[in-house]
Amino acid sequence: MARTSQLLYPQREPAPLRPAATVLLLRDGPQGIEVLMTRRAMTASFAPGAYVFPGGGIDAADAQAHHTATRRPQQSDLHLTQAIAAIRESFEELGILLARHSNGRWADNTDIDQLDRKAPFAAQCQALGLTLAAEQVFVLAHWITDRDLPRRFDVPFLVARMPEGQTPVADESEQFEPVWVRPQDALTRHEAGDFFMVYPTVRTLQRLQAFTLVDSVLQACATNDEPLWTSCPRAGWLAGNEARYMEHEAPFGELALVTPDGQIHHHLDWKSDQPVPLLKNVQRLTAPNPGVMTGPGTNSYLVGDPNTGYIAIDPGPADEAHLQRLWRAAGGQIKAIVCTHSHPDHSPGAAPLQALCPHKPPILGLASKATSRANSRFTPDRELADGEQLVLQGMGIEGEVTHTLRVVHTPGHAANHLCLVLEEDGLLLSGDHVLNGSTTVIDPPDGHMGDYLDSLDKLACACEAGNIEFILPAHGHVLGFAQQAITHLKAHRLKREAKIAAAMQAQPQGSLQEWVEKAYDDVPPRLWPVAARSLQAHVDHIREQTLS
């Protein structure tokens, strides 16, 4: 975890969470699933005028009404309470009653007409001999309101099939205009500006589009009786507008690092004309070399502060303007220049950056091997040992300040690849070994798949041992959930290797091109020439394992 002293903004405690529940009432329509939505009052304190699913806060009485409901064997007490709350809210807001008589017959409009929406709910149902059908209510998702908002809820999004023969009637105080709508139609209208929905509603409907029948939704939710996803989104600025992201999306980790309390400060637009501060002691400058292989460009990093001086990491291509910006961002106080590897978008800028500095800081890294391509030849002033520490020290307002970078040798993408761990702040500067938004190319002979996978294991161990939460890649935004990201990356690589092995088995005499077409059928054909390089690395690895 980053030191509080290095955070860019004063931290504030997010608003407390309130337990709530909402339910998606579903039916099968002629063109697919339809969901019941309703418009919130314009005077509502939360999301006024938004189209929502019925729901609201969980009352103490909901937890005390378990005896009035049926439950699934695996349905936890918490999920039962949430289901009861959702059933109650559906009745109070829309007059929909998920309840049965003792003979199994569903409640109908005659039963509903005997109930008072403002009177205690469970007791009324019990008096009519109705049992709440909580076993028919499943957890679809778990949403936690964004940390920046003044009113926050911890809310399951539940799903249930709409009872036959009932008609929704809004209470005309909290909810208005109940409407059945297909998820895709609601999303289209929202994009057009005439069907306003809040972020969790939009993202839930996007996921719901994957299902064609109500039964398929309920079966998916019943498999483990746990949410299909859980999210507490984060927000930043993009193109001048607020933009929110879930945990699996590329900018989430960067927002978590820069603004852990969830305040909306950070700008996510890619810039090559100025440094982007990530912490007080970490700046990113992206070189103006965007492309298929480099994404938005090569990220150069400055670690340090004015009191300690700086270490420049991956100065990038020999772009004079970029190197000048890097030098100015460090106030000319560059103590060392480190190259994670020698590829042409990483190391050529090292010598000209060194020439800008009056005291000629050493260029550090690992020398390129004989297997490297001609444009990747590199000889540092000094080679870095595995586990070596590069220490910056100085005196700040609050006393001595230290920033320690530990070297981790990680061959695989290149034979001379290394990563760096900023020990005090739990950050992994991963070079090209781990990227955000794509998988790195392994290009034999200098690239080696077996070494790459072993290095992933090494980095996963380093993350666990060093409590590393964030990865700062050479291409793309900061990644969060560092160890999980590495585990996922390795699983992805092994899954791809299994597809390649299957292609080889199906066509033993096949060419690389034929294997690429089968093993990378989920990749656009325009990228197959690049994929063929990694495929060769996988083929070599498969054959090495066969021989051993």
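Modeller: Gladly! Let's start with ring pairs: rings of Phe, Tyr and Trp pair if their centres lie within 6.5 Å. On that basis, Phe-53, Trp-143, Phe-157, Tyr-199 and Trp-229 are linked into a cluster. Please keep in mind that this is a predicted model. The search of the whole structure gives 7 aromatic pairs.

Biologist: What makes Trp-143 and Tyr-199 an aromatic pair, and why is it called edge-to-face?

Modeller: Their centres are 6.2 Å apart, and the limit for a pair is 6.5 Å. Trp-143 belongs to strand S7 (residues 138–144) and Tyr-199 to helix H6 (residues 199–208), so the pair ties together parts that are 56 residues apart in sequence.

Biologist: How do you know whether Trp-143 and Tyr-199 are buried or exposed?

Modeller: Buried means under 20% relative accessible area. Trp-143 has 1% and so counts as buried. Tyr-199, with 17%, is therefore buried too.

Biologist: What makes you say that the charged end of Arg-207 sits over the ring of Trp-229?

Modeller: Its distance from the ring centre is 4.5 Å, and the cut-off is 6 Å, together with a position within 35 degrees of the ring normal. Arg-100 lies over the face of Trp-106, also with a distance of 4.5 Å from the ring centre.

Biologist: Now to helix H5 (residues 183–192): why do you place its buried residues on the same side?

Modeller: The buried residues there are Pro-183, Ala-186 and Leu-187. They span an arc of only 100° around the axis, which is why they fall on the same side of H5. The face turned away from that buried side carries Thr-188 and Ala-192, which are exposed.

Biologist: What do the buried residues of H5 pack against?

Modeller: Their partners are strand S2 (32–40), strand S9 (175–181) and H6. Just after H5 comes Gly-193, with a positive phi of about 95°.

Biologist: Why is Arg-182 called buried?

Modeller: Its relative accessibility is 18%, and the cut-off is under 20%, so the label holds. Arg-182 is in the loop between S9 and H5. Beyond its neighbours within four places in sequence, Arg-182 is in contact with Gln-31, Ile-33 and Glu-34.

Biologist: What makes a group of residues a nonpolar core?

Modeller: The members are buried residues of listed types, Leu among them, joined through side-chain atoms within 4.5 Å. The largest such core has 33 residues, of which Leu-25, Leu-97 and Leu-132 touch the most other members. Strand S1 (17–29), helix H2 (77–94), helix H4 (121–127) and strand S8 (152–161) each supply at least two residues of this core. H2 gives the largest share, with 8 residues. Another core, of 31 residues, lies apart from it and includes Leu-26, Val-35, Val-181 and Phe-195.

Biologist: Which residues is Leu-25 in contact with, leaving aside its neighbours within four places in sequence?

Modeller: Among them are Glu-34, Val-35, Leu-36, Ser-90, Ala-160 and Trp-180.

Biologist: And how much of the chain as a whole is buried?

Modeller: Buried residues make up 55% of the 548 residues. The chain has 14 helices and 24 strands. Among contacts between residues at least 6 apart in sequence, 63% join residues at least 24 apart.

Definitions and conventions:
Residues numbered from 1 in each chain as written. Predicted model: local features only at pLDDT ≥ 70, side-chain atom pairs only at ≥ 80, totals over all residues. Heavy atoms only, no water. Buried < 20%, exposed > 50% of the residue type's maximum accessible area, 1.4 Å probe, protein only. Helix = DSSP H or I, 4+ residues; strand = E, 2+ residues; numbered from the N terminus. Contact = heavy atoms within 4.5 Å. Phe/Tyr/Trp six-rings, centres within 6.5 Å; stacked < 30°, edge-to-face > 60°. Arc of directions from axis to C-beta.
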